[in-house]
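Visitor: Please show me the protein, and then let me put some questions about it.

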Amino acid sequence: MTNMNQYFILYSHVYITKGKYRSLIIDTKSRKYYKIPNDLYHFLTVKRNTTLNDILTEYDEDDVKIINEYYEFLLANSFGTFVANIENFPIKSYVWDSPYKITNSIIDINSINIENNLAVISQLNDVNCKFLQIRTFEKIDVSFFFSQLIKNISDTDIIYVEVLLKYDVLLDYNLLSTVIDNQDRILTVYIHSTPDHFFNSMNKNNYHNIHHVLTEVTSEKCCGSIAPSNFSITPDHIHESKMFNTCLNRKIAIDVLGNIRKCPSLAESYGNINNTLLNSVINLANFKKYDTINKNTILICKDCEFREICTDCRAYLEDPTDLLSKPLKCGYDLINGVWRNWEENILKIDAINHYGMNK
Ligand code: SF4
Ligand code: SF4
């Protein structure tokens, strides 16, 4: 090493999270993460103001070899650099805020409530919502659905709309494509419950912003899965996760019956869109109570190295009687650092039965 009298700093796009058994180094530019030993976390944080030379003098020859390898790993992956004056590089601050009162929303619809539930979209504009997800678990009249969606959304500032439709062999892909291409906002359509034998041919069709998934989505109970594919490796998410809940902070939802909820799977209702304005509920203390349940307060998650890039679920819990329990649908085994099938964990059987997911 040629930087013996210098200090190692991480670049501003690189984050580290300490877990109980190991730590995580997160590169938000490449959207990649690597597990690292807690010793390395210690060097990068507690020993940040110590030169490499002073760090190494505390260790014997075998340890010095390993520590040098740690720094070679950091340099090889461009996670940071050595600097002569550490005082020029203050530790980054982790505040999070958003100009939007509500950042994301869900509207669930079925074949008979399309017009009524989509009419609430103008109210989402009143609460500055920018991201809208619309979900349906059954076949609907897609043409009518999009006519209502366009009618209601056209005068709003919503910038991203995600639609989950159930697969229907009669789906008119030209209609879908035309609707998507004529939007001045991002509109992405996911077609769930696609049968095996259609999946490959459908995904080869290259329709812009139309994606097929095999997963069968039969109700709101299908939500809440925790998996690496759902991790969000962005500075915004990492900062938000330190203070707020990564699913429910500044979220609002409308269930299929028009009930206003934090999410369609949570029991509490704050009124119905037929008699209550969204604006009148978003500042209620009871409505905001989930927002601040961050991962540092959730059992098991608080010890997990993934907690700052992970999503969360407060609707389906390992222990349904404990609001601070780990998400039911997480199969991560912290001690061994491996992912397992959560549905095969016998310790989760009671919770699975409690939520009626065994049918
Ligand atoms: S709390 Fe769970 S069920 Fe509700 S939206 Fe979030 S992940 Fe889905
Ligand atoms: S234990 Fe599971 S849900 Fe909790 S932070 Fe880790 S991966 Fe996410």
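**Questions about the fold**

Guide: Among contacts in the protein between residues at least 6 apart in sequence, 68% join residues at least 24 apart; two residues are in contact if their C-beta atoms, placed from the backbone, lie within 7 Å. This is a predicted model, in which local features need pLDDT of at least 70 and side-chain atom pairs count only at pLDDT 80 or more, while totals for chains, interfaces and linings use all residues. Residues are numbered from 1 along each chain as its sequence is written, and chains are lettered from A and ligands numbered from 1 in the order in which they are written.

Visitor: What percentage of the residues of the protein count as buried?

Guide: A residue is buried if 20 or more other C-beta atoms lie within 10 Å of its own, exposed if 12 or fewer, and partly exposed in between, with C-beta atoms placed from the backbone. The protein has 359 residues, and the buried share of them is 32%.

Visitor: How far apart do the C-alpha centres of domain 1 and domain 2 lie?

Guide: The bounds come from an automatic or database domain assignment, which gives domain 1 as 7-88 and domain 2 as 104-296. Five residues of domain 1 are in contact with four residues of domain 2. The distance between the two C-alpha centres is 40 Å.

Visitor: Which strands stand at the edges of the open sheet of three strands?

Guide: Helices (H or I, at least four residues) and strands (E, at least two) are DSSP runs, numbered from the N terminus, and two strands pair if DSSP finds at least two bridges between them. This sheet has the order β2-β3-β4 with antiparallel pairing. Each edge strand has a single partner strand, so one side of each is left without a neighbour in the sheet; the two are β2 (14-18) and β4 (32-36).

Visitor: Which residue in β3 is the bridge partner of Y15?

Guide: β2 and β3 form a hairpin with four residues between them. β2 pairs with β3 (residues 23-27) in the antiparallel sense over five bridges. In β3, the partner of Y15 is I26.

Visitor: What is the strand order in the open sheet of seven strands, and which residue in β12 is the bridge partner of I254?

Guide: The order is β10-β9-β8-β7-β6-β11-β12, with mixed pairing. The edge strands β10 (210-212) and β12 (260-261) each pair on one side only. Two bridges join β11 (residues 251-254) to β12, and these strands run antiparallel. In β12, the bridge partner of I254 is I260.

Visitor: How many charged residues does the shell around ligand 2 have?

Guide: A residue is near a molecule if its C-beta atom, placed from the backbone, lies within 6 Å of it. The residues around ligand 2 include K295, R307 and K326, together with C301, C304 and C310. Ala, Val, Leu, Ile, Met, Phe, Trp, Tyr, Cys and Pro count as nonpolar, Asp, Glu, Lys and Arg as charged, and the others, Gly among them, as polar. The shell has nine nonpolar residues and no polar ones, and its charged residues number three.
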